[in-house]
Amino acid sequence: MSDSDDTVGQDFDEAVNMTAKQLSDWLETDESQSVGQDDGGESVGHRSGRRIVEILQKKGERTDSDQEHMRKVVGYVHRHLAQRPDGDVTETRWRYSLMNWGHDPLKD
């Protein structure tokens with residue numbers, strides 16, 4: 001693993017604050033499936049969440065494809081956090097979208 005891979009791994013571990021089980025359970029909810037951009041099927045964020053679960057459950061070294069997705073996750077989480085709405089975010093589409101990407105802002 002290169003230094004940049006180490007950095008991506010650290011950034012990913014900081015951005016994704018849900019366990020594989022928590023994220024997997026979340027992805028089964030109506031709230032999870034109610035948000036995100038889609039093309040008539042599964043939303044991008046929901047599909048990403050399933051991929052994150054796979055990465056979190058991986059025992060061996062992460063592949064280049066894993067690293068690429070991890071970078072995408074870190075970028076999304078950082079951009080989305082910067083758009084935090086005012087007030088209580090507990091039951092908001094903003095929070096639900098972040099949770100699809102493995103980050104629960106209420107855990108911060």
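Predicted model: local features only at pLDDT ≥ 70, side-chain atom pairs only at ≥ 80, totals over all residues.
Local features need pLDDT of at least 70 and side-chain atom pairs count only at pLDDT 80 or more, while totals for chains, interfaces and linings use all residues. Residues are numbered from 1 along each chain as its sequence is written, and side-chain values use heavy atoms, without hydrogens and water.

Q: How far apart are the end C-alpha atoms of helix H5 (residues 64–81)?
A: Helices are DSSP runs of H or I with at least four residues, numbered from the N terminus. The expected span is 1.5 Å times one less than the number of residues. For the 18 residues of H5 this should give 26 Å, and the end C-alpha atoms agree with it, at 26 Å.

Q: Is His80 buried or exposed?
A: Buried means under 20% relative accessible area, exposed over 50%, and partly exposed in between, with a 1.4 Å probe and protein chains only. His80 lies in helix H5. Its relative accessible area is 12%, so His80 is buried.

Q: Which residues does His80 contact, leaving aside its neighbours within four places in sequence?
A: Contact means heavy atoms within 4.5 Å. With those neighbours left aside, the partners of His80 are Trp94, Ser97 and Leu98.

Q: What kind of aromatic pair do Trp26 and Tyr96 form?
A: Rings of Phe, Tyr and Trp (its six-membered ring) pair if their centres lie within 6.5 Å; planes under 30 degrees apart count as stacked, over 60 as edge-to-face and the rest as tilted. The structure holds two such pairs. In this one the centres are 5.4 Å apart and the planes stand at 45°, so the pair is tilted.

Q: Which parts of the chain do Tyr76 and Trp101 tie together?
A: Tyr76 and Trp101 form a stacked pair, with 4.3 Å centre to centre and 15° between the planes. Tyr76 is buried at 18% relative accessible area, and Trp101 is buried at 5%. The two residues are 25 apart in sequence, so the pair ties together helix H5 and the segment after H6.

Q: How are the directions of H2 and H4 related?
A: Axes are lines fitted to C-alpha atoms, for helices over the stretch in contact, with angles from 0 to 180 degrees between N-to-C directions. The axes of H2 and helix H4 (residues 44–57) come within 9 Å and cross at roughly 155°. Angles under 35 degrees count as roughly parallel, over 145 as roughly antiparallel, 65 to 115 as roughly perpendicular and the rest as oblique. H2 and H4 are therefore roughly antiparallel.
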